Amino acid sequence: RDYHLKTMAPTGRYVAGQGYVTNDAVTSPLLDAGTPINSPGIEPTPNGNRVNIGLYGNTLQASRTPTNAWLTVGSLNGGGYTYGTPTLCWVAGGAATGHSVRIEYSANNGVDWTNLIASLPAANGQFVWSSSIQPSSPLAYWRITSLDDPAVSDSNEVRFALRNESLYFYVNDASTNGDVYTTTVGSNTAFGVSSNAPKASVQDVFDTYTLLGGDVIYIDSGLYTNAGVVVNGVDDVGTSTEFITVQGSTNELIGSVFRDHGFQALNTRGLAFHDLVVTNASIGLHLNGASYCRAERFQALRCGTGVRLERYADQANLSRVLVWNSTLYGLYNNGANGAVFDSGVIWGTRDAITMQSGGLTVENSALRVSGSGRYAYYYANGTLAADYNAITLENGAYVGYRPSTRAEYNTVASWVQNMNKD
């Protein structure tokens, strides 16, 4: 492996056993990028009067500096996000060290540019940016341009997000009927950051951008049949108080309906799912290792399991959730602690609440179960608190069952008497 920096300087790169015999089509951003207070020492000339970064800085094998003018962006070059008063850093080389430069910002993927500062010496190498006066955007770029030679310019290679406020994203199906958030149909090629250019899928938003607490995805009215939505906490993470909100349509006549595929949150925290309808999916809402998540006015209709909570999906808050006609489970908890199901309805022919482990509070909710061998509460393990609920039993269904004791409770009175729950 060769760790000599690439350089466009003629015969500017050292090759072991041969000396300075070659150069490259590009110049490494590490060239002349070391601590400004350090001189290049014994680096061969031309050396830009600044030490290189890396194994060969301040050595006789240091790569030489091109004598033509060049500028290399350092800060945010690989993307990420910033806010407040970040310091934008760059490296000026060759003749550019004596140039003056202009710093600009683009909030729309490089289409339009705004001056951050009209002129400063390139040799400064940095600029403290008061970014709050520019619009926040996930499509941000900054660039530096020589005023002495405008052809000498550079910008970050990967767009970054400017986050002085929450970011908003838009999704729509192939119709504008009943829409409340967007003005046109969704497109796979759209950026999805404005109401007039929505994306066609929620998953595309999560795959394209990094979302943080306070961000909102607005999903307009319609039917969505593309792949399910999987949110993985490697990138997209809210907090216990600041949520990434997946917000469905408030048009109650049409809604935002996801057919055949539900929502999954894996190994993350702080996601909120509001005003969404899932039909015929394996699982309507699946939280696995996803803590401090919430669902409100969420409907899971004819799914295998309406809501499934698993290990570390702690402090899940499910409010005004409707689970209707699940084919396996209504609400299934296998390891989530501190979960709450409040002011909801579970209606069907399968067990309404299944407790395998964890902790769950059920209150102000209606549970309807029908069929022999079906239970409003299948209570295997964990901690279950239930109060002020309405339970309807039909066709031989039971209120509760404890597998550990094989005890069945066929009336609310017997369940309350023995379990102190309803």
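A residue is called buried under 20% relative accessible area, exposed over 50% and partly exposed in between, with a 1.4 Å probe and protein chains only. The structure is a predicted model, in which local features need pLDDT of at least 70 and side-chain atom pairs count only at pLDDT 80 or more, while totals for chains, interfaces and linings use all residues. Residues are numbered from 1 along each chain as its sequence is written, and side-chain values use heavy atoms, with hydrogens and water left out.

At 53% relative accessibility, Tyr83 is therefore exposed, whereas Tyr81, at 44%, is partly exposed. In the whole structure, 18 aromatic pairs were found (rings of Phe, Tyr and Trp, the last by its six-membered ring, with centres within 6.5 Å; planes under 30 degrees apart are stacked, over 60 edge-to-face and the rest tilted). The rings of Tyr81 and Tyr83 are stacked, because their centres lie 6.5 Å apart and their planes meet at 20°. One aromatic cluster is formed by Tyr224, Phe258, Phe263, Phe273 and Phe298.

Leaving aside neighbours within four places in sequence, Leu287 is in contact (heavy atoms within 4.5 Å) with residues including Phe273 and Arg308.
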